[in-house]
Amino acid sequence: MTTPRTLLTACGVVLFLVAGCSRWSEVTHSSDVPRSPTDFSVQGMHHAAQVPLILSPVHVSQNGAGMTTTSEFERRVLSHLDRAHLFSYLTHEASGPPPDQQHVRARLTVKETAEPHSGENAFKGFVVGASMFLLTPWLPFEYDFSAQMVLDIERWDGQAKRYLASSEGKAYFHLFGATPLTIPELEGRVTESCLTNLTQQLIADTAFFTAPQTVALTP
């Protein structure tokens, strides 16, 4: 027969394990991002007014050190721009020379800052271990990540514009809650926030990317 004390002890153990294995994250934006890029897409834009977009190699640095940009990330950037339906087609500069027709060239620069709180987390790990893991639910480890993106656009006639976006986030995880996906998930959310904001800024500036239409005169 289960006694109330045994039941309470079992509940306490379960709550302890759940709390000690939890993880969560928070992301903040530099500007409001009320909806996804799809909600803002220019579905009705006349195709004849659209021009191609050529993406130059993306430059990424973290904590001041240059990083190798993966083709997956560049495809992710093109995918975001494609959702806006602003351009006749999108391609990477490495795919070949730009077309002779009117086009725009885009260059994206990403500056990331990662702060793993190594000293603070090491101290927390020591305290948690010294307490025989009893303090695990009350001492979460932390990881900060932020990104600043600068998108430079040059139009076919030489006119240029710059679009800025930034976002930051913090991941919290307890000793038994950390997984290999904890950090990538946070970085992915921060990156997604920046790309979403940049895409919305481009859509709000649709007229800048629209090629002038030539009207044929009937004699």
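A nonpolar core is a set of buried Ala, Val, Leu, Ile, Met, Phe, Trp, Tyr and Cys residues joined through side-chain atoms within 4.5 Å. With that in hand, here are the close-ups of this predicted model.

**View 1. The chain as a whole.** Let's start with an overview: the chain has five helices and eight strands. Read from the N terminus, the elements follow the order α-β-β-β-β-α-β-β-α-β-β-α-α. Of the 219 residues in the chain, 38% are buried. Among contacts with a separation of 6 or more, 81% are between residues 24 or more positions apart.

**View 2. The largest nonpolar core.** This core holds 40 residues, and Leu108, Ile153 and Phe209 are the ones that touch the most other members. At least two core residues come from each of β2 (53–55), α2 (71–83), β6 (104–115), β7 (141–154), β8 (160–173), α4 (182–204) and α5 (206–209).

**View 3. The surroundings of Ile153.** Which residues does isoleucine 153 contact, once neighbours within four places in sequence are left aside? They are Val104, Arg105, Ala106, Gln159, Ala160, Lys161, Tyr163, Leu202, Phe208 and Phe209.

**View 4. Helix α2 against helix α4.** Two packed helices are described by the angle between their axes and the distance between the axes. For α2 and α4, the angle is about 40 degrees and the axes are 9 Å apart, which means that α2 is oblique to α4. Their crossing is right-handed. On the α2 side, Phe73, Arg76, Val77, His80, Leu81 and Arg83 take part; they meet Gly188, Thr191, Glu192, Leu195, Thr196, Thr199 and Leu202 of α4. Sorted by class, this contact between α2 and α4 has five nonpolar, five polar and three charged residues.

**View 5. Ile54 in strand β2.** Look for isoleucine 54 in strand β2. Is isoleucine 54 buried or exposed? Its relative accessible area is 2%, so isoleucine 54 counts as buried. Tyrosine 89 is 35 residues away along the chain, yet the C-alpha atoms of isoleucine 54 and tyrosine 89 are separated by 8.8 Å.

**View 6. Two loop residues with a positive phi.** Most residues other than glycine have a negative phi. Asparagine 63 is not a glycine, but has a positive phi of about 55 degrees. Asparagine 63 sits in the loop between β3 (59–62) and β4 (65–67), and at 48% relative accessibility it counts as partly exposed. Histidine 85, likewise not a glycine, has a positive phi of about 55 degrees. Histidine 85 belongs to the loop between α2 and β5 (90–92), and its relative accessibility of 34% makes it partly exposed.

Technical notes: Residues numbered from 1 in each chain as written. Predicted model: local features only at pLDDT ≥ 70, side-chain atom pairs only at ≥ 80, totals over all residues. Heavy atoms only, no water. Buried < 20%, exposed > 50% of the residue type's maximum accessible area, 1.4 Å probe, protein only. Helix = DSSP H or I, 4+ residues; strand = E, 2+ residues; numbered from the N terminus. Contact = heavy atoms within 4.5 Å. Axes fitted to C-alpha atoms, helices over the stretch in contact; angles between N-to-C directions. Parallel < 35°, antiparallel > 145°, perpendicular 65-115°, else oblique. Left-handed = near helix turned anticlockwise from the far one by under 90°. Nonpolar A, V, L, I, M, F, W, Y, C, P; charged D, E, K, R; others polar.
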